[in-house]
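I opened the model to look up its salt bridges. The entries follow in the order I made them.

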Amino acid sequence: MTLERPIAPDPYELLPTLPSFTLTSDDVQNGEPMDARHAHGSTGGDNVSPQLTWSDFPADTKSFAVTCYDPDAPTGSGFWHWVLVNVPVNVTQLPTGAGGAAGTDLGGAFSVRNDYGEQGYGGAAPPPGDRPHRYVFAVHALDVDRLDLTPDASPAYVGFNLTFHTLARAVIRPTYQIKE
């Protein structure tokens with residue numbers, strides 16, 4: 001079996017252009033390989049979401065959503081690793097492990113199911129020997145206090161809602177690869 005295929009576009013290049021703001025991380029860097037602790041347990045990783053901090057978002061922001069998407073997954077539709085919605089406007093950072101930490105106070109924010117079928121962060125798990133995959137961590141500054149969603153919403157449905165409520169978006173794109 002071969003995994004030769006074209007490189008998928010960055011998902012945000014296909015949507016209307018938006019302003020950006022600052023997104024940084026103590027754990028992941030744009031274009032750099034992620035540590036194995038951010039990989040899925042099925043690959044020997046620790047399944048720990050990275051630390052994220054954001055600033056300089058629009059003054060009229062009312063809430064945030066945080067997503068992680070792999071456009072390079074050999075699925076034809078990419079792979080959603082994390083979709084956290086209804087993050088209050090006063091929350092401007094997530095500690096390492098917030099994607100799965102029980103008891104983390106995020107003011108009513110919740111994760112919808114990822115493409116592993118679980119709620120919370122699901123770490124990187126590209127096929128062994130495949131090229132490096134991009135993991136697009138995005139923070140979306142929203143014009144509403146809450147998206148009218150439940151934890152049963154699909155990532156695609158959340159994305160549809162984000163398209164109509166995002167004022168600005170900040171992105172970090174680390175990579176991950178499992179060598180054969």
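I began with D130 and R5, whose side chains meet in a salt bridge with N to O at 2.6 Å. I took a salt bridge to be a side-chain nitrogen of Lys or Arg within 4 Å of a carboxyl oxygen of Asp or Glu. The pair links distant parts of the chain, 125 residues apart: D130 is in the loop between β6 (110-111) and β7 (133-134), and R5 is in the segment before β1 (22-24). Strands (E, at least two residues) are DSSP runs, numbered from the N terminus. D130 has a relative accessible area of 5% and is buried; buried means under 20%, exposed over 50%, and partly exposed in between (1.4 Å probe, protein chains only).

I noted that the model is predicted: local features need pLDDT of at least 70 and side-chain atom pairs pLDDT 80 or more, while totals for chains, interfaces and linings use all residues. Residues are numbered from 1 along each chain as its sequence is written, and side-chain values use heavy atoms, without hydrogens and water.

Next I looked up D27 and R37, which form a salt bridge at 2.6 Å, N to O. Both D27 and R37 lie in the loop between β1 and β2 (52-55), so the pair ties together parts 10 residues apart in sequence. D27 is buried at 18% relative accessibility, whereas R37 is partly exposed at 31%.

I then checked R134 and D72, a salt bridge with its closest N and O atoms 2.7 Å apart. R134 lies in strand β7 and D72 in the loop between β3 (63-70) and β4 (79-88), so this pair ties together parts 62 residues apart in sequence. D72 is buried, at 4% relative accessibility.

Last, I searched the whole structure and found 4 salt bridges.

Definitions and conventions: Helices (H or I, at least four residues) and strands (E, at least two) are DSSP runs, numbered from the N terminus.
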